[in-house]
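I am opening a notebook on this structure. My entries record what I looked up, one topic at a time.

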Amino acid sequence: MIRPIYLYGAEVLRQTAAPADLKDKEGIAALVQDLKDTLVVADGCGLAAPQIGVSTRIVIVDGDVVSDNYEYLKGFRRTLINPEIISESDEKTTYSEGCLSIPGIYCDVVRPKKITVRYYNEDLQEMTEEFDNFSSRMIQHELSHLDGDLFTDHAAPIRKKMISSKLQNIVKGKVHPHYNSRLK
């Protein structure tokens with residue numbers, strides 16, 4: 001089912017998400033499918049459950065959307081349930097990030113180049129996997145949502161000041177993304 005994407009200012013985006021109940025296989029499967037359906041319509045490369053109003057630790061990423069720029073991400077798709085970063089590289093990279101919950105705004109964000117994540121996949125098998133470059137960035141961006149953290153929180157102070165009126169316009173409902181969205 002396609003769900004509305006919650007926009008900047010919605011309380012659910014600032015909450016720390018609860019772990020998914022791994023015993024609720026049907027509930028997890030339904031939520032994962034809703035995330036996938038919603039992401040396809042929104043044409044993004046990742047989506048976290050809080051972005052569709054569910055404060056649960058589940059994210060999906062799909063590299064196909066960016067594979068024109070990052071060929072190595074063709075066919076790269078992951079569902080991460082109860083993910084936990086267990087290590088990250090000292091080396092950092094900077095990239096201009098955007099977000100379906102903050103349409104039309106982009107900011108440079110510094111993140112570790114590589115991460116190792118322990119998570120459960122869609123079959124509820126425990127996995128440990130290393131991600132680097134843009135796959136690492138996509139996953140880190142989505143995992144931040146699980147802790148109530150948005151990419152704009154990491155922008156340089158001058159950039160935060162420059163985007164503050166745009167963020168307030170989102171809160172006031174003065175933005176109309178091409179996908180179904182809601183403020184609260």
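**Entry on H145.** I asked which residues H145 is in contact with, leaving aside its neighbours within four places in sequence. I found Q15, A48, P50, Q51, C99 and L150. Contact here means heavy atoms within 4.5 Å. H145 itself sits in helix 2, residues 133-145. Helices (H or I, at least four residues) and strands (E, at least two) are DSSP runs, numbered from the N terminus. I noted H145 as buried, at a relative accessible area of 1%. The scale is this: buried is under 20% relative accessible area, exposed is over 50%, and partly exposed is in between, with a 1.4 Å probe and protein chains only.

**Entry on the source.** The model is predicted: local features need pLDDT of at least 70, side-chain atom pairs count only at pLDDT 80 or more, and totals for chains, interfaces and linings use all residues. Residues are numbered from 1 along each chain as its sequence is written, and side-chain values use heavy atoms, with hydrogens and water left out.

**Entry on the aromatic rings.** I searched the whole structure and got 4 aromatic pairs. Rings of Phe, Tyr and Trp (its six-membered ring) pair if their centres lie within 6.5 Å; planes under 30 degrees apart count as stacked, over 60 as edge-to-face and the rest as tilted. I looked at Y70 and Y72: the ring centres are 6.2 Å apart and the planes stand at 75°, so this pair is edge-to-face. Y72 is partly exposed, at 46% relative accessibility. Next came Y70 and F134, with centres 4.5 Å apart and planes at 10°, so I logged the pair as stacked. This pair links distant parts of the chain, 64 residues apart. Y70 lies in the loop between strand 3 and strand 4, while F134 lies in helix 2. F134 is buried, with a relative accessible area of 8%. Ring pairs join Y70, Y72, Y95 and F134 into a cluster.

**Entry on strands 5 and 6.** Strand 5 (residues 92-99) and strand 6 (residues 102-112) pair in the antiparallel sense, over 7 bridges. Two strands pair if DSSP finds at least two bridges between them. How many residues does the hairpin use to join strand 5 to strand 6? I found 2.

**Entry on D64.** I found D64 in the loop between strand 3 and strand 4. D64 is partly exposed, with a relative accessible area of 22%. Beyond its neighbours within four places in sequence, D64 is in contact with L73, K74, G75, F76 and R77. D64 and G75 are 11 residues apart in sequence, and 5.7 Å apart in space from C-alpha to C-alpha. The side chains of D64 and R77 make a polar contact at 2.3 Å. A polar contact is a pair of N or O atoms within 3.5 Å; within protein, one must be able to donate a hydrogen and the other to accept it, and residues adjacent in sequence count only if both atoms are side-chain atoms.

**Entry on helix 1.** I checked which residues are buried in helix 1 and listed I28, L31, V32, D34, L35, T38, L39 and A42. Seen down the axis of helix 1, the buried residues fall within an arc of 160°, so they line one face. The arc is that of the directions from the helix axis to the C-beta atoms. These buried residues pack against strand 1 (5-6), strand 2 (46-48), strand 3 (58-62) and strand 4 (77-88). The face turned away from the buried side carries the exposed residues K25, E26 and V40. After helix 1 comes D43, whose phi is positive, near 60°.
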